[in-house]
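Visitor: I have a model open and would like to learn how to read its features. Could you walk me through a few of them?

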Amino acid sequence: MRRYGKNPDEDDIRVRPNPKGNRPRTNIRPKHEDAGEGLVLTVDRGRLTCLIDGRTVTAMKARELGRKSAVVGDRVAVVGDLSGAKDTLARIVRVEPRSSTLRRTADDDDPFERVVVANADQLAIVTALADPEPRPRLIDRCLVAAYDAGLDPLLVLTKSDLASADTLLESYGALGVPYVVTHRDELADGSAADRIRATLAGRMTAFVGHSGVGKTTLVNALVPERRRATGHVNAVTGRGRHTTTSALALPLPDDSGWVIDTPGVRSFGLHHVDPSRVIHAFPDLEPGTADCPRACSHDEPDCALDAWVTDGHADPARLYSLRRLLATRERREGD
């Protein structure tokens, strides 16, 4: 049986509406000019806590951002309910350009980069002088990552009541890295926090370190009103327990700066680091590379840096430090 007449015209044909099919497609996206400006404080299972006009707002990433993620320290544009009221959810529609990006990989053979924090300008490398024992190779790797990201490094040595800091400081003296040494009694009376706070003023500082070195204890001393859980060191393995499971940005008193507490690390891979960029952290040595052979590793017989140092342009200890840092990718952190 025929559905239509012998000579049907257009009026005889029924067209089912298809809103999706009939909707015009466009690559133009809204500019969200009225979006609020926020700072990502922490990320937890797809939910991001942002600071917007003094309020903490929970948000999620908009689909239009695709695979681009936001991390602690990012400055973002947020739309939706920005009241910060309970059970409200806003939407992050834009991640602003970053001034710096601190990255690491699981190991040197892993090509997958993990962004630790964004927009920090200082990296505080926290190391215990005992319980657990210092790991110089991990310190070296953190220094390389800091130099690569354009962050100023700061050594924070804890538990000086258990061991002296002299040996460790001597090995890093040629690098000229600023440092702070803390004692348990100083943490108790607040004097250690005052000294560390002076090095953090006006800056966004990320704290990194092995589990159990006292990193979160320091952050609690610096921002006492926002205490985080702390753990202990296993007496058998000498390893700390991960009590900080996500990075968290906290404002210092009087809004004098920011600290970012990060989870303890057991490794700091440098697969993403181009060794040729490490030399930029040594301005006294960098001019001497002008006569180096092409693609010089700065640790080979024809390297011009040897002559540069011999001629008195730089301290031999600085060249040794550079080569030690460049060799970190060839050594495991526990060596």
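Guide: Gladly! Let's begin with burial: a residue is buried when its relative accessible area is under 20%, exposed when it is over 50%, and partly exposed in between, using a 1.4 Å probe and protein chains only. Please keep in mind that this is a predicted model, where local features need pLDDT of at least 70, side-chain atom pairs count only at pLDDT 80 or more, and totals for chains, interfaces and linings use all residues. Residues are numbered from 1 along each chain as its sequence is written, and side-chain values use heavy atoms, with hydrogens and water left out.

Visitor: Is Cys303 buried or exposed?

Guide: Cys303 counts as buried because its relative accessibility is 5%. Cys296 is also counted as buried, at 13%.

Visitor: How many disulfides does the structure hold?

Guide: A disulfide is a covalent bond between the sulfur atoms of two cysteines. The test here is a pair of cysteine sulfur atoms within 2.5 Å. The structure has zero disulfides. Cys296 is in none, and its nearest cysteine sulfur, in Cys303, lies 3.9 Å away. For Cys303, the closest cysteine sulfur is that of Cys292, at 3.9 Å, so the two are too far apart for a bond.

Visitor: What does E2 pair with?

Guide: Two strands pair if DSSP finds at least two bridges between them. E2 pairs with E1 (residues 36-44) in the antiparallel sense over five bridges, and five bridges also join E2 to E3 (residues 55-61), again antiparallel. Cys50 stands opposite Val40 and opposite Val57 in E3.

Visitor: Where are the positive phi angles in these hairpins?

Guide: In the hairpin of E1 and E2, with two residues between the strands, Arg45 takes a positive phi near 50°. The hairpin of E2 and E3 has two residues between its strands, and Asp53 in the turn has a positive phi of about 50°.

Visitor: Which residues of helix H6 are buried?

Guide: H6 spans residues 215-222 and is mostly covered, with six of its eight residues buried. These are Lys215, Thr216, Leu218, Val219, Asn220 and Leu222.

Note on methods. Helix = DSSP H or I, 4+ residues; strand = E, 2+ residues; numbered from the N terminus.
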